[in-house]
Structures are given as structure tokens and as C-alpha cells.
Amino acid sequence: MISRTISVLGSTGSVGTSTLDLMAAAEQNGSGQFQVEVLTGGSNVGLLAEQCRRWKPKLAVIANEAKRAELVDALSGTGIEVGAGDAAIVEAASRPVDWVMASIVGAAGLRSAWAAAGTGNTLALANKESLVCCGPALLERVRTAGGRIIPVDSEHSAIFQVFPLDAPERVSKLVLTASGGPFRQTPIENMRAITPEQAVAHPNWSMGAKISVDSASMANKGLELIEAAYLFDMPQSKIDVVVHPESIIHSLVEYVDGSTLAQMGPPDMKTPIANALSWPDRMPWPAPKLDLAALGQLTFERPDVARFPALALARDALEAGGISPIVFNAANEVAAFAFLDRRLAFLNIAAVIAETLEKATRDGLAMGTGSAAEAALAVDREARLIARGVVSALDMAA
Ligand code: NAD
Ligand code: MG
């Protein structure tokens with residue numbers, strides 16, 4: 001029986017709602033019991049209020065300050081404390097609980113993940129951007145506080161499940177699988193006209209809009225490469241990426257003796273979330289299961305770096321270290337949202353990342369001061385300004 005006090009940061013998103021669904025399934029089948037401390041949302045007051053009525057958290061926070069009154073109204077009479085704004089989310093994330101899901105999207109999730117990492121809890125980390133921006137410092141903070149990180153990203157959850165954490169020297173290589181996204185076979189001449197609707201229609205996974213665009217551009221695999229390097233302390237030269245369109249093998253660990261261990265399952269984010277929620281136990285839920293004979297075959301191919309340059313840019317950024325992974329992430333985020341707003345062509349997402357990295361290095365952009373999170377956020381802010389300039393220049397040139 002899993003019995004935990006829990007906070008879900010970003011409870012109204014794709015990962016957040018799946019987390020709450022799994023908690024409900026565990027309570028229903030008697031495998032879990034949860035007391036919710038905090039739920040937070042970005043601006044969807046209706047959904048956050050509905051979740052609050054179901055889970056009765058002590059505190060509900062909406063990031064958008066302008067929506068505070070609406071949330072107060074929606075929760076009046078429930079006794080649930082209401083907060084609004086970024087500082088309130090950080091305060092909420094600092095509350096000691098057994099388990100925190102960090103599932104806010106983008107660099108916006110960095111401060112709260114950093115706050116939660118300092119409390120000594122189990123941190124289920126979906127927000128890969130916080131690892132990319134300050135991975136080593138975040139891991140150190142968790143260690144010092146006596147907590148631990150359980151990766152939620154499906155590839156990293158897969159590796160976590162087959163990685164010898166107490167004997168990492170036994171590992172010779174990590175292999176991240178990538179679905180290849182919706183444009184795996186699209187000829188480059190047809191990629192110029194890709195629309196946001198096409199990009200968010202992922203063939204295998206149902207996810208939030210930003211990560212769907214990242215999957216389509218393979219910037220997501222770039223972020224995941226950096227995430228894996230930090231989480232499992234591996235150089236990029238020992239991390240391969242293989243395209244596996246069926247998304248059944250979620251990643252692999254190659255051992256020095258030639259054995260390779262993989263974690264498999266149907267592509268459903270609820271499985272890695274359930275793993276994080278119940279770790280080190282395993283919880284039953286109505287999970288889709290594999291039928292290998294029905295699948296017939298699994299296929300693999302090398303990523304096409306010419307059509308998906310973001311992956312190579314991530315390797316370079318990881319190798320360069322310092323500000324580069326933060327700049328990669330910031331530029332990608334600006335580009336992905338500009339594409340979603342129809343202000344940037346799909347193929348220019350990687351161009352924005354490349355040019356922003358170049359310009360940031362040329363301008364001598366340096367790490368900020370303060371905690372690793374604040375230092376990274378200072379770089380993030382500057383890199384966004386550069387990236388926005390690059391987006392407008394490309395837009396005018398188009
Ligand atoms: P989403 O867009 O569906 O949800 C994001 C959540 O963050 C929502 O609750 C939203 O309200 C909140 N939010 C957005 N902007 C905010 C801000 N400025 N301040 C505070 N809260 C804000 O995203 P998602 O797909 O659930 O992804 C969440 C994280 O998990 C991302 O970092 C993503 O890379 C990672 N991830 C997601 C999946 C997936 O299947 N969706 C898989 C692997 C990793
Ligand atoms: Mg992933």
C-alpha cells in the first residue's frame with residue numbers, strides 16, 4: 001500500500017492530470033492512499049478548481065495573478081487556501097511532503113523544481129528543462145537534502161529501471177529511443193509548410209503542445225540527451241539515439257559484457273508516472289499491456305541529422321557546457337512557441353537554436369550570480385532576448 005503526502009506542480013497539464021488519474025486508480029483498487037498538500041495550475045481555473053474539489057489540497061495556486069479572484073471564488077467555502085503568482089508557486093513547492101510531481105512545462109518550472117529539490121522529498125521530475133538548465137547542481141541539491149529524483153520522462157524512466165545505480169562502471173552505453181515524430185518520413189521540401197496542427201498530432205504519444213513540437217523537431221531528443229547525461233553521469237559520446245517508430249522500447253542500457261537491457265511497454269505516459277508514483281513498489285492500474293505477436297515487428301533506424309539538426313546542436317551544447325545547455329533550452333522554447341503562434345516556420349526552429357547559441361557565445365553571455373537556479377534563469381532571460389531577435393529577423397527574411 002502506497003501512503004503518501006503529495007504535491008502536484010502543474011496538475012492541470014498532460015502529466016499532471018495523468019498523475020491525479022493514477023492516484024484515483026490506486027485509491028480505487030486499494031493500492032494507494034494520498035493526502036494532497038498542493039495543486040498548481042497555469043491559468044486554467046476551471047480544471048484546477050475541479051481537481052481541488054476532488055483532492056482537497058491544503059493549498060491551490062494559480063500562476064496567472066489575474067486569475068486569483070476567480071480561483072478564490074471557485075473555492076469559496078472549501079477551506080482551501082489560495083495563492084497566485086510565481087512566488088506563491090515556489091512557496092508551495094517548498095512545503096515538505098513525501099512526494100512531489102514537478103510537471104510544469106519549460107523553464108517556468110525551474111524555480112519550483114529547485115525549491116522542491118531542497119526539501120528532502122522524493123522528486124518525480126517530468127520537467128526536463130530544469131535538469132537541462134542546472135542538472136548537476138539540482139542533483140547535488142537533492143542529495144544534500146537527503147531526497148531523491150525519480151525520472152518521469154519515459155526514456156529516463158526506462159533507463160532508471162534497468163540501470164545499475166550502485167555499479168555504474170558496468171555500463172558502456174545508454175541508448176535513447178526516439179519515435180521520430182510525425183515528420184519522420186516527410187521530405188525536406190514538404191517540411192517548410194508544416195502547421196502547428198500537424199506538429200502537435202504525434203503518432204504515438206498524447207502530450208502538451210510544447211513537448212509535441214519538440215518531438216516533431218527532435219529538439220526533445222536533444223533535451224533528453226542532456227537530461228540523460230546529467231541523470232546518469234554519462235558523457236554524450238556514450239549516449240546513442242536510435243529512431244524506433246513504434247515507441248515500444250523506451251530506452252536501453254548496454255553493459256560492458258555485451259548485454260543490453262531494455263524497458264518496454266505500450267506508449268502511455270501513465271506507465272512511467274505510475275513507476276515514479278509507486279517507486280520502489282509497483283502499483284496496479286488498468287494499464288495497456290504489450291502483445292508482441294500482434295505487433296509482429298519492431299523497427300529501428302538512425303536519426304536523420306540533416307532534416308533534424310536540433311539533436312546535433314544539443315550534443316554540441318552539452319559538450320560545450322556552461323551556459324550552452326541553458327541557451328539551447330531557452331532558444332528552443334522561444335522558437336517552439338513562436339512556431340505555435342505561427343510566427344516562425346517549422347524548419348527555422350533549429351536555425352533559431354543555432355543562431356542564438358552562436359550569438360550568445362559571441363556576446364560573451366556569462367552565468368548569472370546567486371543559486372544555480374537563479375544563475376541559470378539569468379542566462380535564460382538573456383538568451384530569450386537574443387532568440388526573440390533571431391525569430392523576428394528570420395520572420396522578416398521569410
Ligand atoms: P502541459 O502544457 O500539458 O502542462 C504544463 C503544466 O504547467 C500545466 O499545469 C500548466 O498550467 C502549467 N504551466 C504552464 N506555464 C506555467 C507557468 N508559467 N507557471 C506555472 N505553471 C505553468 O505540459 P506537459 O506535456 O504535461 O509537460 C510537462 C513537463 O513534463 C514538461 O517539462 C515536459 O517536457 C515533460 N514531459 C511531458 C511528457 C508528456 O507526455 N506530456 C512526457 C515527458 C516529459
Ligand atoms: Mg521523453
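Begin with the open sheet of 4 strands, whose order is β9-β8-β10-β11 and whose pairing is mixed. The model is a predicted one, in which local features need pLDDT of at least 70 and side-chain atom pairs count only at pLDDT 80 or more, while totals for chains, interfaces and linings use all residues. Residues are numbered from 1 along each chain as its sequence is written, chains are lettered from A and ligands numbered from 1 in the order in which they are written, and side-chain values use heavy atoms, with hydrogens and water left out. Strands (E, at least two residues) and helices (H or I, at least four) are DSSP runs numbered from the N terminus, and two strands pair if DSSP finds at least two bridges between them.

Select β9 (239-243) and β11 (260-264), the edge strands, each of which pairs on one side only. On average, neighbouring strands of this sheet are turned by 20 degrees against each other, direction ignored. Next, select β8 (residues 171-178) and β10 (residues 249-255), which pair in the antiparallel sense over 5 bridges. Within β10, Y255 is the bridge partner of V171.

**The magnesium ion.** Select ligand 2, a magnesium ion coordinated by D153 (OD), E155 (OE) and E224 (OE) at 2.0 to 2.2 Å. E155 in helix α7 (residues 154-162) and E224 in helix α11 (residues 219-231) are 69 residues apart, a pair that links distant parts of the chain. Donors are N, O and S atoms within 2.8 Å of the metal (3.2 Å for Na, K and Ca); water is not among the atoms, so the site may look incomplete. E155 counts as buried at 7% relative accessibility, and E224 is buried with a relative accessible area of 1%. Buried means under 20% relative accessible area, exposed over 50%, and partly exposed in between (1.4 Å probe, protein chains only).

**The parallel sheet.** Move to the open sheet of 7 strands, ordered β4-β3-β2-β1-β5-β6-β7 with parallel pairing. At its edges stand β4 (81-84) and β7 (148-151); each has a single partner strand, so one side of each is left without a neighbour in the sheet. From one strand to the next, the twist averages 25 degrees. Select β1 (residues 2-9) and β2 (residues 32-41), which pair in the parallel sense over 8 bridges. L9 stands opposite T40 in β2. Helix α5 (residues 110-117) lies across β1, β5 (99-102) and β6 (122-125), and runs at about 155 degrees to β6.

**R307.** Select R307 in the loop between α13 (292-295) and α14 (310-320). R307 is buried, with a relative accessible area of 15%. A polar atom of the R307 side chain lies 2.4 Å from the backbone oxygen of R184, and one lies 2.5 Å from the backbone oxygen of T186. Leaving aside neighbours within four places in sequence, the contacts of R307 include F183, I188 and M191.

**The cysteines.** Finish with C134, which is buried with a relative accessible area of 5%. The closest cysteine sulfur to that of C134 is in C133, 6.5 Å away and too far for a bond. A search of the whole structure finds 0 disulfides, a disulfide being a pair of cysteine sulfur atoms within 2.5 Å. C52 also counts as buried, at 0% relative accessibility.

Methods:
Axes fitted to C-alpha atoms, helices over the stretch in contact; angles between N-to-C directions. Contact = heavy atoms within 4.5 Å. Polar contact = N/O pair within 3.5 Å; in protein donor to acceptor, adjacent residues only side chain to side chain.
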